[in-house]
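Please keep the sequence and the structure in view while reading.

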Amino acid sequence: MKMLGPAVGYSLASFFLKVYIAPDLTPSITNTDPRWLGAWWAGWAVLGSLLLFMAFLISMFPQTMPRTIIRRREARARGEQVEQSASSEKASLSDMIDTVKRLLKNKIYMCNTLAAIFYMFGFMPFWMYTPKYIEVQYRVSAARASFFTGSVGLVFSAFGILISGFVITKFKPTARCLAMWNVFVSIIAVCATITYPFLGCNESDMQSRQMVLHKDEVQQACNLNCDCDFVKYSPVCSEDGQTTFISACHAGCRDFAMEDNKKIFTDCSCIPSPIGAAAFQLSEDSIEVSNFSVQDLASNNDSVLTTSTPSSFISNLPQFLGGRAFSGPCPVDCTAMFYSYIALVCLLKFTGASGRTSNFLVSVRCVSERDKATSLGFGMMLFSFFVFIPSPIIFGYIIDSTCVVWGKTCTRKGNCWLYEGESMRYIMNFTAAVFVAIGTLFDVGTWYYVKNLQIFEANRDENMGTKEERELINVQRADNGELAKPIKVADRADSE
C-alpha cells in the first residue's frame, strides 16, 4: 500500500486539477490554458481524512503479534534461546547508540539500505516531476499528465507487487535469489533511464526553439515597442499553424476579435497575412518576389528590399504583415513518442515494484529481532536525510537550469515560462542513471553477503503446542483449515 500510495495520489491530482482552484467561481479559460490553476488543495482534505481513519486502525494492533508469541514458546520448548524484542527492554540513549552501531556493522543491512537509497534518489524526480516532464516533452495538459502518471503507476505497480508476492509465497526463494532479482531490476532501470533521452518529440523541441527565437532575436524588429518583458506566458499560434509565440504581445498583435466565443488576435506585426505567406507577384512590373522570411520583412532586411525593388512592391509591403494568431500553442503530434515513453514507464513500474518487495524482505530478515523496530526507523531516517530532502532540491535545480524563458516581476525573477526540452531530457535522465547505477553496485554487494541468510523459517506444524498455546494465537480454525473470525481470549498472553 505504501508503494501504491503515490500512484493513487497522482490519480487524485488528475481529477482535482480539472476543477478550478476556486470551485465557486466560473473561469473564462479552460483547463488546457497554461494559466489554469486546478484545485490542488482538495486532495489534502481527502488524504487527511484517510490518514485519520488508517491511524485509528493501526492503533488497534497489539504490542506483539500472536504468531510471534507462539513462535517464541515453541523455541523455548525446544530449549533454544529466545531474544527479547526491543519493546521488552528499558529504553535508554546508550542502548540506542549500541543498536545503531550494530546496524552500521551489519554488511547486509547497510548494502541493502544504500542500494535502496541510491535507487530512490535516482527515481525521486520521476515520482515528483513526471507530470511536469510529460507536459514539457510531449505538450499535454497538467491534468492529462497526472492521469497517465497515476493510472500507469497504479496498475503496473499493483501487478508487480501482487505477482512478486505470489511468486515469493509460492516458491520461497533463497536470499541470494531475491538479491539477484534486485540486481536484475536495477540493471533494467539503468538501461531504461538511459533510453529516456532518445524518446523526445522533435516537433515539441522545435516549438520551444521558435519561441526563444522570437523572444530574443525577432523582438528587436517586429515587436520592438511592445514592452513584453512583464507580459505573462500565454502562448499563441500563428494562423498558418507553424509558429508559436510566448504571448500575443511577443507576436506584435495590436487588436483582437471574438469568433465563436474564441479570442482571435489580429494585426500581428510578426505574423504574415495570408497573401504574404505565398509569393507576391506584381502584375504591373512583372516581378516575382518569393522565398523570403517573415523576419526579413519585419526588419526591412536589405536582402529583400533592394534598390531594384519597384516602388509599387514597397507600397504593398504592409499586405505581407499584420496576420492573425489563435490562443494556445500550435498543435504538435507527439503521440508516437509519448506512448513509447509510457510503455517504458510501465515496464519500469512493474519491475521496480517487484524489486522493492525483495529489498524489504532482506532488510527485515538480516537483523536480530531486538533490532527490527530500530532498523526500520533508522532506515527511514537515512531515506529522509539522503533521499526525500536532497533529491527534490537537486533535481529541481537541474530542471530550472534548463529554463530558457523566465518570467519577470518588479523586483526579481519570476516563474519559468519555457523549458528547453532536449536539455532537460539529457541532463535529468543521465544524472538519474548515475545514481541508479551506484545503487546497482550495492545490490551486488547485498547479493554477495546474503549467501547464509535465511529468509523463510522451516515449515512447522502450526497446531504444535498445548491447548493454551494454540488458544494464544487468538483465532479458531474452520473445518477447511482457513483462518476464521478472531475470538476474545484472556490478557494473560501479554505476561509471556
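The sections below treat the disulfides and then two further cysteines.

## Basis of the report

This is a predicted model, in which local features need pLDDT of at least 70 and side-chain atom pairs count only at pLDDT 80 or more, while totals for chains, interfaces and linings use all residues. Residues are numbered from 1 along each chain as its sequence is written, and side-chain values use heavy atoms, with hydrogens and water left out.

## The link of Cys 201 and Cys 334

The structure holds four disulfides; a disulfide is a pair of cysteine sulfur atoms within 2.5 Å. One of them joins Cys 201 and Cys 334, with the sulfur atoms 2.0 Å apart. This link is left-handed, with -75° about the S-S bond. Cys 201 lies in the loop between α7 (175–195) and α8 (202–216), and Cys 334, 133 residues away, in the loop between β7 (323–327) and α12 (335–365). Helices (H or I, at least four residues) and strands (E, at least two) are DSSP runs, numbered from the N terminus.

Both Cys 201 and Cys 334 are buried, a term that means under 20% relative accessible area (1.4 Å probe, protein chains only).

## Links between strands

Cys 253 and Cys 268 form a disulfide with sulfur atoms 1.9 Å apart. Cys 253 belongs to strand β3 (residues 253–259) and Cys 268 to strand β4 (residues 262–268). The torsion about their S-S bond is about 100°, so the disulfide is right-handed.

Another disulfide joins Cys 403 to Cys 416, S to S 2.1 Å. Its torsion is about 110°, and therefore this disulfide is right-handed.

## Two further cysteines

Cys 346 is buried, with a relative accessible area of 11%. Cys 366 is in no disulfide, and the nearest cysteine sulfur, that of Cys 111, is 10.0 Å away. Cys 366 is buried, with a relative accessible area of 11%.

Methods: Buried < 20%, exposed > 50% of the residue type's maximum accessible area, 1.4 Å probe, protein only.
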